[in-house]
Amino acid sequence: AARGAGELAADIAAILAEPGVGGRDTDLAMRIEALRRGCRAGYRAAYQAARRWARLAAARSAGNPFPASALLALAFPERVAQARGGRGRFRMASGGGARLDEADPLADAPFLAIGEVQGGGPDARILVAAGIERSAIEELFPDRIVEEEAVGYDRAADLLVARRLRRLDALVLSERRAEIADEDAAARILAEAALARGLAALPWPAEIAALRARLAFLRARAGAAWPDLSDEAL
C-alpha cells in the first residue's frame with residue numbers, strides 16, 4: 001500500500017489464493033485483466049474480495065507505478081527465475097528448476113517473477129508468473145546481490161579463465177572476464193586439470209620425455225633402485 005499499489009497487490013493475492021481465478025493463463029497480466037473484467041461469475045467474488053482487502057489496507061490506485069512483476073518478486077524472492085538454456089526452462093533464486101511449456105508466451109523471457117509452481121524436483125511446473133527486467137531485480141534486491149570471482153579451467157580452449165560474477169543467490173545476473181588474483185588457487189586448478197587430462201597430455205620437453213623413457217627402461221630391468229616417473233606415480 002505504501003508503494004501505491006495496494007489494489008494491484010490485492011488482485012494478485014486473490015489470484016494466488018484460489019486456483020483458476022482469472023483463468024488458466026500463466027501470464028499474471030492476463031489473469032489480472034480477466035479478474036478485473038469479472039467476465040465469469042466465479043471471478044466476481046474474488047474481485048470483490050480483492051477490493052475489500054485493498055480498502056482494508058487504505059490503498060488507493062495511483063496509476064500503479066509499482067508493476068505486478070515487482071510485487072510478485074517481493075512476495076516470493078526465492079522464485080525470481082532466470083532462463084537456463086532450453087526454451088521454457090528456468091533456474092530459481094532458490095536453486096531449484098522450473099519450466100513452462102515451450103509454446104507459452106513467457107517461455108523466452110530472460111527473467112521471471114514466479115508466483116505459483118506445481119510439483120518439485122529439477123523442473124517444477126510454473127502456474128503463474130510475470131516477466132521482469134534485470135534492472136528491476138537489481139533495484140528490488142540491492143542488499144542481496146553479491147559480487148564474487150570465479151576461476152575455472154576452460155578445457156576446450158586449454159585456458160584458465162577468471163570471471164567477475166554478480167549474483168542473486170543461485171542466479172548470475174551478469175559476468176565479465178577478470179584478472180586472476182589468487183595465484184595459489186590458479187595453480188591448484190591447473191594441477192587438477194592436468195591430472196584429469198592425464199600427464200601424457202602435458203607438453204613435455206623432448207629431453208624430459210627422453211629421461212622418463214630411459215628411467216622407465218632402467219627401472220624395468222634393475223628394479224626399484226631407479227625412481228618411478230610414470231604417470232601413475234606422478
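Analyst: What follows goes from the whole chain to its core, its strands and its pocket.

User: Before that, what kind of model is this, and what rules apply to it?

Analyst: This is a predicted model, in which local features need pLDDT of at least 70 and side-chain atom pairs count only at pLDDT 80 or more, while totals for chains, interfaces and linings use all residues. Residues are numbered from 1 along each chain as its sequence is written, and side-chain values use heavy atoms, with hydrogens and water left out.

User: OK, how many helices and strands does the chain have?

Analyst: The chain has seven helices and eight strands, taken as DSSP runs numbered from the N terminus (H or I over at least four residues for helices, E over at least two for strands). Buried residues make up 34% of the 234 residues, where buried means under 20% relative accessible area, exposed means over 50% and partly exposed lies in between, with a 1.4 Å probe and protein chains only.

User: And what share of the contacts join residues at least 24 apart?

Analyst: Among contacts between residues at least 6 apart in sequence, 49% join residues at least 24 apart; a contact here means heavy atoms within 4.5 Å.

User: How many residues are in the largest nonpolar core, and which have the most contacts inside it?

Analyst: The largest nonpolar core has 28 residues, and I12, L28 and I137 are those with the most contacts inside it. At least two residues each come from helix 1 (6–17), helix 2 (28–37), helix 4 (68–75), strand 4 (111–118), strand 5, helix 5 (134–140) and strand 8 (171–177), with helix 4 giving the largest share, five residues. A nonpolar core is a set of buried Ala, Val, Leu, Ile, Met, Phe, Trp, Tyr and Cys residues joined through side-chain atoms within 4.5 Å.

User: What does I137 touch?

Analyst: Leaving aside neighbours within four places in sequence, I137 is in contact with V80, F111, I132, I145, L168 and L173. Apart from this core there is another one of 11 residues, including F90, M92, L100 and I126.

User: Back to helix 4: why is it described as largely enclosed?

Analyst: Six of the eight residues of helix 4 are buried, so the helix is largely enclosed by the rest of the structure. Those buried residues are A68, S69, A70, L71, L72 and A73, and they pack against helix 1, helix 2, strand 1, strand 4, strand 5 and helix 5.

User: What joins strand 4 to strand 5?

Analyst: Six bridges join strand 4 to strand 5 in an antiparallel arrangement, and E116 has V128 of strand 5 as its bridge partner. These two strands also form a hairpin with five residues between them, in which G119 of the turn has a positive phi of about 85 degrees.

User: Which residue other than glycine has a positive phi?

Analyst: One of note is D169, with phi near 55 degrees, in the loop between strand 7 (159–168) and strand 8. At 38% relative accessibility, D169 counts as partly exposed.

User: And L171, buried or exposed?

Analyst: L171, which is found in strand 8, counts as buried at 0% relative accessibility. Not counting residues up to four places away in sequence, L171 touches V80, A81, Q82, R91, M92, A93 and R166. L171 and V80 are 91 residues apart in sequence and 8.6 Å apart in space, C-alpha to C-alpha.

User: Last one: what is the volume of the largest pocket?

Analyst: The largest pocket has a volume of about 250 Å³, and of its 15 lining residues the closest to its centre are R24, T26, R125, I126 and L127. On a 1 Å grid over the protein atoms alone, a pocket is an open set of points where a 1.4 Å probe fits, with protein on both sides within 12 Å along at least five of seven lines, and lining residues have an atom within 4 Å of a point. Grid points are joined across faces, edges and corners, and the volume is the space filled by probe spheres set on the points. Strand 5 (residues 124–131) gives the most to this lining, with four residues.

Key
Pairing = 2+ DSSP bridges.
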